[in-house]
Amino acid sequence: MHNASLKKFAFNNLAESLYPSMIDIIDHITNTGKVSDSTVSKLKLVLVEMLTNSLKHSGGGETIIEVAVTGAQIAIKKIDTGNGLTISSNQNLMVWPLPGKHYGNKVITVYTDASAILNARLTNNCRLQFFIEEVTETGPLDINTLTEHFGLMIITRACDTFTYEFDIDTCTNNFTAIINKM
């Protein structure tokens, strides 16, 4: 991002630090310029889900949250050294980085509920971009069917672009959410 205000935050992956960390990051973002209330609400959803994911999957240590703010966008990147993303799609277990190199533009289903389908388009064996496919016939949400990837659905709904990339050189998971300012 050009002309971006970039700041890194360290999250110690302790439950009692989740809310204070989220508040620190939101304060930083709102201090960089005007941000609408609806954008702040989206940022809170994204940050709570990303930090909760770190509590559950980071493998200990520290998670880095990078925040880049430009005039038009806010990018939040979560970087951790936990195990690679794991998705069970169509009864196939996929663990990143994926073996081989023949994945470009393949679409997988990550999560389904009564209102939408969370899909991901594979860019290559290390990167994918999440997107939502709305379901026309909705029924009541059964809380007993919520899966591990419900948080990915929340983040994808809250932002304009949401990607995951496993960095082979650093062996890190990189989740990036981009929210356009309103």
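Student: Which residues of H3 are called buried?

Tutor: Gly151, Leu152, Met153, Ile155, Thr156 and Ala158 are the buried residues of H3. Buried is a cut-off label: under 20% relative accessible area, with exposed over 50% and partly exposed in between (1.4 Å probe, protein chains only). Keep in mind that this is a predicted model, where local features need pLDDT of at least 70, side-chain atom pairs need 80 or more, and totals for chains, interfaces and linings use all residues. Residues are numbered from 1 along each chain as its sequence is written, and side-chain values use heavy atoms, without hydrogens or water.

Student: What do the buried residues of H3 pack against?

Tutor: They pack against H2 and against strands S6 (107-112), S7 (116-122), S8 (127-134), S9 (161-167) and S10 (172-180). The element names come from DSSP runs numbered from the N terminus (helices are H or I of at least four residues, strands E of at least two).

Student: How do you know whether H2 and H3 are roughly parallel or antiparallel?

Tutor: Helix H2 (residues 37-57) and helix H3 (residues 150-158) pack at about 155 degrees, with their axes 9 Å apart. Roughly antiparallel means over 145 degrees (under 35 is roughly parallel, 65 to 115 roughly perpendicular, the rest oblique), so H2 is roughly antiparallel to H3. The axes are lines fitted to C-alpha atoms, for helices over the stretch in contact, and angles run from 0 to 180 degrees between N-to-C directions.

Student: What makes up the contact of H2 with H3, by class?

Tutor: H2 supplies Lys42, Leu45, Val46, Glu49 and Met50, and H3 supplies Gly151, Ile154, Ile155 and Ala158; contact means heavy atoms within 4.5 Å. The tally is six nonpolar, one polar and two charged residues. Ala, Val, Leu, Ile, Met, Phe, Trp, Tyr, Cys and Pro count as nonpolar, Asp, Glu, Lys and Arg as charged, and the others, Gly among them, as polar.

Student: Which hand does the crossing of H2 and H3 have, and which hand does the crossing of H1 and H2 have?

Tutor: The crossing of H2 and H3 is left-handed, while that of H1 and H2 is right-handed. Left-handed means that the near helix is turned anticlockwise from the far one by less than a right angle, and right-handed that it is turned clockwise. The axes of H1 (residues 15-31) and H2 come within 10 Å and cross at roughly 145 degrees. By class, the contact of H1 with H2 has 12 nonpolar, three polar and one charged residues.

Student: What makes a nonpolar core, and how many residues has the largest one?

Tutor: A nonpolar core is a set of buried Ala, Val, Leu, Ile, Met, Phe, Trp, Tyr and Cys residues joined through side-chain atoms within 4.5 Å. The largest has 45 residues, and those with the most contacts inside it are Trp96, Val110, Phe130 and Phe162. H2 gives the largest share of this core, six residues. Trp96 also takes part in a cis peptide bond to Pro97, with omega about 0 degrees; Pro97 is in the loop between S5 (92-95) and S6.
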